[in-house]
Amino acid sequence: MADDYLVRIGKLIRDARQHRGWTQSQLAEALATSQSAVNRIERGNQNISLEMIARIGEALDSEIVSLGYAGPMHLRVVGGRRLSGAIDVKTSKNACVALLCASLLNQGRTVLRRVARIEEVYRLLEVLSSIGVRTRWINNGVDLEIVPPADLDLDSIDAEAARRTRSIIMFLGPLLHRMDRFKLPYAGGCDLGTRTIEPHMIALRRFGLDIAATEGQYHAVVDRGVSPDRPIVLTERGDTVTENALLAAARHDGVTVIRNASSNYMVQDLCFFLEALGVKVEGIGTTTLTVHGMPRIDADVDYSPSEDPVEAMSLLAAAVVTESELTVRRVPIEFLEIELAVLEEMGLDHDRTPEYFADNGRTRLVDLTVRPSKLEAPIDKIHPMPFPGLNIDNVPFFAAIAATAQGKTLIHDWVYDNRAIYLTDLNRLGGRLQLLDPHRVLVEGPTRWRAAEMMCPPALRPAVVVLLAMMAAEGTSVLRNVYVINRGYEDLAERLNSIGAQIEIFRDI
């Protein structure tokens, strides 16, 4: 039991250090100890006194660490408050995790600007650090520097961190060029039903990668004699599938054509990053990508991922559900145009500034002001389509929006097995949602939201939808165990508080 507490305390210290943007060496210097001692503490391999815990808490300005082990994070929400002012959209979660995986292609130094400080990124950084990649937050913890070793140590991989993120599957594309044999833990992430990796395998087999899944690991073997001799046709126009194919093609010595490719925002950001590395990519934004690979990539590269359209949709939905006037700045408009067209037909009152470019020089942004509106249910159902259609990750937000509209709205989430089911959690807050089958839910509005205490759904976007409904509900609600929200959003409660919400973070001690 003592060892278990040491591990749990070590994880708290590690998380607090990373949140501060410090390296182990920086914390060691503040404590007048060695980096190896900090490493042992964070791994739970060293006894630690109450005095040392207090010193660490003071150094990291973290009350949680000074209190020792704390349980899961919860949110206490005082609802019925109007939001106001302006809020900036953060960089894309899905782009950032793809670029972290893509950094394994590069022998040189990679700097990623304004990286999302989220749990999904932290898990990948833990994995990268465990295999020998040097990562550190720079420029007051805003940007991230990544320097790979000459040889990766996959035998030391942090399996626990790897299993907590499905993004680990995007290591396959880069690693097949670095190692003839390797193992990766099974991928995890949100609970969204059955999601096979067969589409990934169909694409990566063309580069000689063969996978056997046994004992909780992917066992990979690469046949160097195999390479694509004709265009690769993806059997699923998925984002991570396309990204894995791109990562494999980037260091293939030749030209690779990828058809039925996703042209979604994170794929475009990955293509822009590959171009910064010197890899020529034709057809960006279309479903056919032509990649002129480079067998060796050794470049010092500085890249700024663009803003997150799903976070932008979250903030827009927050304004609609709370009947607020709010300006959402730095909205990647080309990835929200269909959503806004649907909302305009429902009666949304909004305006937008002229377009300007994101820091990557390619993605088009606007500032969007939303005002209280009397919405009517759309005539047609809400359903996702591959880009440039309505984004699959934006569909859940229409459940909360439709609940504020007059009439009945059919939402058809045909992609994921479970996510429509999680949307019915809104019924605990006064919603009237009828589950027709695992993929379809009928939403009737308008809704008189009411406060409730409930567990966070195990899927990211439905969890945020529940939080938004709590913000609209008069009274005090509690949302328990919000780790899944922290996987995809940086300091969401604090940022919503900055525009008028009242959300308190607390833990069970």
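Biologist: As what does Val415 count at 35% relative accessibility, buried or exposed or something in between?

Modeller: This is a predicted model, in which local features need pLDDT of at least 70 and side-chain atom pairs count only at pLDDT 80 or more, while totals for chains, interfaces and linings use all residues. Residues are numbered from 1 along each chain as its sequence is written, and side-chain values use heavy atoms, with hydrogens and water left out. Buried means under 20% relative accessible area, exposed means over 50%, and partly exposed lies in between (1.4 Å probe, protein chains only). Because its relative accessibility is 35%, Val415 counts as partly exposed.

Biologist: How many of the ten residues of helix H15 are buried?

Modeller: Helix H15 spans residues 395-404 and is mostly covered. Its buried residues include Val395, Pro396, Phe397, Phe398 and Ile401. The count of buried residues in H15 is nine.

Biologist: Why can strand E5 be called largely enclosed by the rest of the structure?

Modeller: Strand E5 covers residues 143-147.

Biologist: Which residue of E5 is the bridge partner of Leu112?

Modeller: Two strands pair if DSSP finds at least two bridges between them. Strand E3 (residues 110-112) is joined to E5 by three bridges and runs antiparallel to it, and strand E4 (residues 134-138) also pairs with E5 in the antiparallel sense, over five bridges. Trp137 has Leu144 as its bridge partner in E5, and the partner of Leu112 there is Leu144.

Biologist: What is the phi of Asn139, in the turn of the hairpin formed by E4 and E5?

Modeller: Four residues lie between E4 and E5 in this hairpin, and Asn139 belongs to the loop between the two strands. Asn139 is partly exposed, as its relative accessible area is 44%. Although Asn139 is not a glycine, its phi is positive, at about 55°.

Biologist: In what order do three strands form an open sheet with antiparallel pairing?

Modeller: The edge strands, each pairing on one side only, are strand E6 (181-185) and strand E7 (209-214). From one strand to the next the twist averages 25°, with axes taken as lines fitted to C-alpha atoms (for helices over the stretch in contact) and angles running from 0 to 180 degrees between N-to-C directions. E6 is joined to strand E8 (residues 217-222) by five bridges, with Arg181 opposite Val221 in E8. The order of the strands is E6-E8-E7.

Biologist: How many disulfides does the structure hold?

Modeller: A disulfide is a pair of cysteine sulfur atoms within 2.5 Å, and the number in the structure is zero. Cys271, for example, is in no disulfide, since the nearest cysteine sulfur to it, that of Cys101, is 15 Å away. Cys271 counts as buried at 1% relative accessibility, and the disulfide count remains zero.

Biologist: Which residue is joined to Pro388 by a cis peptide bond?

Modeller: Pro388 lies in the loop between E17 and H15. A cis peptide bond also runs from Gly445 to Pro446, with omega near 0°. At Pro388 the omega of the cis bond is about 15°, and the residue joined to it is Phe387.
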